[in-house]
Amino acid sequence: MWGFLKRPVVVTADINLSLVALTGMGLLSRLWRLTYPRAVVFDEVYYGQYISFYMKQIFFLDDSGPPFGHMVLALGGYLGGFDGNFLWNRIGAEYSSNVPVWSLRLLPALAGALSVPMAYQIVLELHFSHCAAMGAALLMLIENALITQSRLMLLESVLIFFNLLAVLSYLKFFNCQKHSPFSLSWWFWLTLTGVACSCAVGIKYMGVFTYVLVLGVAAVHAWHLLGDQTLSNVCVFCHLLARAVALLVIPVVLYLLFFYVHLILVFRSGPHDQIMSSAFQASLEGGLARITQGQPLEVAFGSQVTLRNVFGKPVPCWLHSHQDTYPMIYENGRGSSHQQQVTCYPFKDVNNWWIVKDPRRHQLVVSSPPRPVRHGDMVQLVHGMTTRSLNTHDVAAPLSPHSQEVSCYIDYNISMPAQNLWRLEIVNRGSDTDVWKTILSEVRFVHVNTSAVLKLSGAHLPDWGYRQLEIVGEKLSRGYHGSTVWNVEEHRYGASQEQRERERELHSPAQVDVSRNLSFMARFSELQWRMLALRSDDSEHKYSSSPLEWVTLDTNIAYWLHPRTSAQIHLLGNIVIWVSGSLALAIYALLSLWYLLRRRRNVHDLPQDAWLRWVLAGALCAGGWAVNYLPFFLMEKTLFLYHYLPALTFQILLLPVVLQHISDHLCRSQLQRSIFSALVVAWYSSACHVSNTLRPLTYGDKSLSPHELKALRWKDSWDILIRKH
Amino acid sequence: MPPATGGGLAESELRPRRGRCGPQAARAAGRDVAAEAVARSPKRPAWGSRRFEAVGWWALLALVTLLSFATRFHRLDEPPHICWDETHFGKMGSYYINRTFFFDVHPPLGKMLIGLAGYLSGYDGTFLFQKPGDKYEHHSYMGMRGFCAFLGSWLVPFAYLTVLDLSKSLSAALLTAALLTFDTGCLTLSQYILLDPILMFFIMAAMLSMVKYNSCADRPFSAPWWFWLSLTGVSLAGALGVKFVGLFIILQVGLNTIADLWYLFGDLSLSLVTVGKHLTARVLCLIVLPLALYTATFAVHFMVLSKSGPGDGFFSSAFQARLSGNNLHNASIPEHLAYGSVITVKNLRMAIGYLHSHRHLYPEGIGARQQQVTTYLHKDYNNLWIIKKHNTNSDPLDPSFPVEFVRHGDIIRLEHKECPLKKIWRWEQKETSRNLHSHYHEAPMTRKHYQVTGYGINGTGDSNDFWRIEVVNRKFGNRIKVLRSRIRFIHLVTGCVLGSSGKVLPKWGWEQLEVTCTPYLKETLNSIWNVEDHINPKLPNISLDVLQPSFPEILLESHMVMIRGNSGLKPKDNEFTSKPWHWPINYQGLRFSGVNDTDFRVYLLGNPVVWWLNLLSIALYLLSGSIIAVAMQRGARLPAEVAGLSQVLLRGGGQVLLGWTLHYFPFFLMGRVLYFHHYFPAMLFSSMLTGILWDTLLRLCAWGLASWPLARGIHVAGILSLLLGTAYSFYLFHPLAYGMVGPLAQDPQSPMAGLRWLDSWDF
């Protein structure tokens, strides 16, 4: 206890100065003049709007990735005291003084800077030499594309940071495993692996690729552990359990946590509300809740309701009708019933109100006590403003001739009787006697005479239908589909039997009474589902590219151009590194194949430990490249060069590994080794030179003359902006 | 890992399929039964029992085959009208008989075989196959249906033999055969004129011959070894020739072959030369032979279909020149473009058509109010354009001027030729000829592109009418060749490229396709064109025959068109589509025929008992397989019998599970429209897995309870109850396949009442 009295207190610190130097250089390269340019650069225009939403705590929906990435950027804004007041409308717009540009760009830049020393450590943990590790870090340091991407308010550098962190901590954990399992550092690195993986997934879905890689490598190692018969069964079980918790449970919990925090942060209603279900909107402050608060829960005969289509594609809309009738003859010569149009209308309108009527009675008001409508009941739907009832019959719909036309019935006395009885089916019912509930119940209307189902076809009517959406009766309805399902959004008990009074009633806003709380899991699953299902349609972009162009750097992206001079920022890689990275990968693959074949014939070229090192380095680096690159060939979304950057970092890690291997095992004499080293140094200086030449395009700090710009256009496919005077 | 570490067990595991060939395998397979028989009557002489065994074995196979044929051919002629996709494949069969060219997204072999079957059975190709429900009347359709049913019937014996070879157990094979025979889905799918029975026939044939050749591995280069190896190759060609789904079985055979070669390569007792021989044999039989056969089917396809037909428009101009009846056939036109030539310009993307313009103007509010430029799929006078120099309006056809060819990179003007063909040479009548023109106005549909119009009077416009003509890849030298050169038109002022977005214009544009000038210079087929018709009296005509594409070019083009066609089959929003996860749970069937209660209804749906058993078996297999694998990895010592059984489970079962995986999971990645029947190849594998799994599990059970007196009975009773259960469920559900009349299943009076176990089934 009093030991410090007897012995002096000694603190010994091992400081790896090269690591410190690397970190310093990384910080310098990424943070230098961070606020320049003080204008919106490329995708900052996209992420910026979400930061503003966070600052104002307004709900939004973005399909590009889980919320953690946006939250990281928003944290920067929060630290800088950003109030969210900036119109993110075009690239190149000057930031106003209230935008803390430095702190907004700080976190991605820090992540980018820290990737440099991490590359050093990863190569070291793979048991390659200090020299190789330095090489990897120096390559990361001078890679122009990584610098550009880190210095802006973008997410790739953060993603790369977590990818590398996951790999690094797994390696640290794996190296602990050999001598001190279940020690404190063992637990620390294992947990950090799981945390880093889930953070990577939380930044962008692309993070899943690295997660899968780490899981795969961990599974193989666990399988070897199973085969280790020196361990007891209990011990093996504990090992497996620890891995399962750290690599499966923790990431899932963290992922949910991101959404939990996200939903707590953005609780106000905003412009993206309409995409969500009514129940979700009701849970947002000032959203649907403002209207629906206090409305009766159970729909009764005589209720006045608005009916929203659950599928909501192409746009969310409400069942609607208006005075106009279907044209007698359509453009293509087919005839219609000439009855009143029924459409789906994407805006709130008094014509969206319908009255649920009991077919056996005449009154349009709710009796007291109210008689609730149940699953299987027969109902008529009477349009509030015109008092005509919803009808369908064996007439082809205007745009979907295989379905029936839906109209509001007008009796023309032409022996075409009204067919306005509908059977109510509650899709998400608990039992067959369930009551139809506002917002919560999803219902289908099945026509009694023809068993057609009321459906949103998704087509826009021509001008005679005011470009509203077509509603049809679907005869061949197979299974559940959102376009045939409706829910009540606004609801009140009708009180006026007289038409004039009722119109006044319909025009007045609905006032009513229940607040609705959706559980977190329900909100999470809905939000996640919508994010995955949202598809942006316009897929053409000037700078989009295909994965094949990435490997050879056949494409670039112009990020920003100075409004007056020709200073400009491009996402453009260091071509020497890209090409040699791809070469190293090819060499790695060929050498591995050669070794494998030779080993199969019992010729062991490498000592066992060198072979294992070679395999592990390949599995993580070449594997990391493959999982982060190859899946893009299967994707149909618009792709950009920056999607390749995570794969590129793994390629950069592989490069010194291959170089050291060649020098250690393939160079036979000291002379050869010296020559090889000299070549490597020459190659690295050329990479430095290229990096320096491209520097004006990376930092955008120098205005080059058209002549100099032309000289930088090394490939015809590079799009470098040259001003015409 | 050095080979020694695996120990003796691993060595023996590595050669699981090294059994025996042909009849020997048969005898070996019957051994359990024989051993049982011998145990019961030890006095019987050994040779007699062996003969009895062989007879029994053949009898069982015959029984299985017979039952399969009987179920497939029963009521084959009903219903006597077109069911479901018969309307496509029957029609395509007729095209072969009539020799008219058509386009389909699948390779030709399946439809060719259907056509051949129809031809041989006396069908004359006159039935129109217009829509499902049309009566066949006097037309002979039984030949085509019979052919499909014949191939479909072979699935059961094939599966039986495969499982027998993998598990060496008659009961497993019988169970598999019963599952497939009594599956209403397989039955329905085999009874109509469809590609699926043909496809599944080849898939199963490939699987069977692969398994057979694996078990011949102890006698490499023997006659049966060669036989099965080359039969595998032939079946692979067949599978790929019917549908591209055949790629999955190719993948499976490929993986198996790689594993096999890897094993041989590690066998140090074999010299490298021997390994090289093995490799060459496999390359010959599994790559060269299938490719040759596959190419041959296309050669036959193009040879048979020599007349112009409904498929012409999908193909390039050069391709069309091959088809008799097409206006490019035997035509002769000048080869190189020259100034003054009258041409039509066709977009290279299929189903876009020719560059077109007409008198009508773009409506108010949509860009500039100038003459519309569109693309149009049909041949029309308004597709004609004249190539002129950008700076002179003089008549280049004036005989005093020398002929000047258009070259790559020239700056030209395209003047629209509006007068009818007979007036073409009377230049004084060109009153309204406008120039192809573009400017900074947004295009009518694609807002990011520029509008393309017709502008100017009598060829006098402004600098926005100038286009640079460029040949893609500049392969053909400086001049521009008719049909063969792929050209782009680059607008001089804005730098954009002439292209068609493929979007249909509204009524004001006569529902023709939009033409735009895209500022994105990426090379896409939408912005590449070729010259099709070419009229220039000053140039000598050459026959188009010299331009005819060679066979490899045709092959390549038809594949490109097929692939694009396949990926073009996109589901529309708001449409009910079948999802891959629906399939194994038998969530929803397909209506083959009939809707209402008065119709004769056939509904493609798997026998739910079989399908749900299959589903359960996959889960059970994964569970038991991983338990055994972990136990072995932990070094547990298994008794000999259990070790043998677990080998069957891991090796044989693994082989089949791989097949299921390969035939099922890729569908999750496909963007095209999917249907329920896509699952059936995977279902075959899944049924084989069920057979192997239950037999092995019951045997393991019997072994575990060996102390119990009735232990032996467990296996027999288990298998028997599974067989009977399947047969009974078939009795219940057979109307799905053989046809139902009367009220729908919701109605208690219906024969199917009470059998609609899921709401999503609508029969």
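Visitor: How many residues of chain A are in contact with chain B?
Guide: In this predicted model, 42 residues of chain A touch 33 residues of chain B.

Visitor: And what area is buried between chain A and chain B?
Guide: About 3100 Å², with carbon and sulfur atoms giving 53% of that.

Visitor: Which elements of chain A give two or more residues to that side?
Guide: Helix H10 (207-227), helix H11 (233-265), strand E10 (453-460) and helix H17 (575-600) of chain A. H10(A) gives the most, with five residues.

Visitor: What is the split by class on the side of chain A that touches chain B?
Guide: There are 12 nonpolar, 16 polar and 14 charged residues on that side.

Visitor: Where in the chain do A:Glu489 and A:Arg308 sit?
Guide: A:Glu489 is in strand E12 (residues 486-493) and A:Arg308 is in strand E1 (residues 303-309) of chain A. The pair links distant parts of the chain, 181 residues apart.

Visitor: Is A:Glu489 buried or exposed?
Guide: Buried, because its relative accessibility is 1%, under the 20% cut-off. A:Arg308 also counts as buried, at 4%.

Visitor: What about A:Arg360, which residue does it form a salt bridge with?
Guide: A:Asp358, with the closest N and O atoms 3.3 Å apart. A:Arg360 counts as exposed at 69% relative accessibility, whereas A:Asp358 counts as buried at 3%.

Visitor: And how far apart are N and O in the salt bridge of A:Arg444 and A:Glu425?
Guide: 3.5 Å. A:Arg444 lies in strand E9 (residues 443-447) and A:Glu425 in strand E8 (residues 422-426) of chain A, 19 residues apart. A:Arg444 is buried, with a relative accessible area of 14%, and A:Glu425 is partly exposed, at 23%.

Visitor: Which residues are joined into one network by salt bridges that share partners?
Guide: A:Asp358, A:Arg360 and A:Arg371.

Visitor: Change of topic. How many aromatic pairs are there over all chains?
Guide: A search of the whole structure finds 96. One of them is A:Phe640 with A:Tyr642, where the ring centres are 5.5 Å apart and the planes are at 15°, so the pair is stacked. Both residues are buried.

Visitor: Why is the pair of B:Phe227 and B:Trp228 edge-to-face?
Guide: Because the planes are at 65°, and over 60 degrees counts as edge-to-face. The centres are 5.0 Å apart. B:Phe227 is partly exposed, with a relative accessible area of 47%, while B:Trp228 counts as buried at 16%.

Visitor: Which residues of chain B form one aromatic cluster?
Guide: Among them are B:Phe248, B:Trp583, B:Trp611, B:Trp660 and B:Tyr664.

Visitor: Last one. Where is A:Ser400 found?
Guide: In the loop between strand E6 (390-396) and strand E7 (404-408) of chain A. A:Ser400 is buried, with a relative accessible area of 18%.

Visitor: What does the side chain of A:Ser400 make a polar contact with?
Guide: The side chain of A:Glu470, at 2.8 Å. Leaving aside neighbours within four places in sequence, A:Ser400 is in contact with A:Ser457, A:Glu470 and A:Val472.

Conventions. Residues numbered from 1 in each chain as written. Chains lettered and ligands numbered in written order. Predicted model: local features only at pLDDT ≥ 70, side-chain atom pairs only at ≥ 80, totals over all residues. Heavy atoms only, no water. Helix = DSSP H or I, 4+ residues; strand = E, 2+ residues; numbered from the N terminus. Buried < 20%, exposed > 50% of the residue type's maximum accessible area, 1.4 Å probe, protein only. Polar contact = N/O pair within 3.5 Å; in protein donor to acceptor, adjacent residues only side chain to side chain. Contact = heavy atoms within 4.5 Å. Buried area = accessible area lost by both parts, 1.4 Å probe. Nonpolar A, V, L, I, M, F, W, Y, C, P; charged D, E, K, R; others polar. Phe/Tyr/Trp six-rings, centres within 6.5 Å; stacked < 30°, edge-to-face > 60°. Salt bridge = Lys/Arg side-chain N within 4 Å of Asp/Glu carboxyl O.
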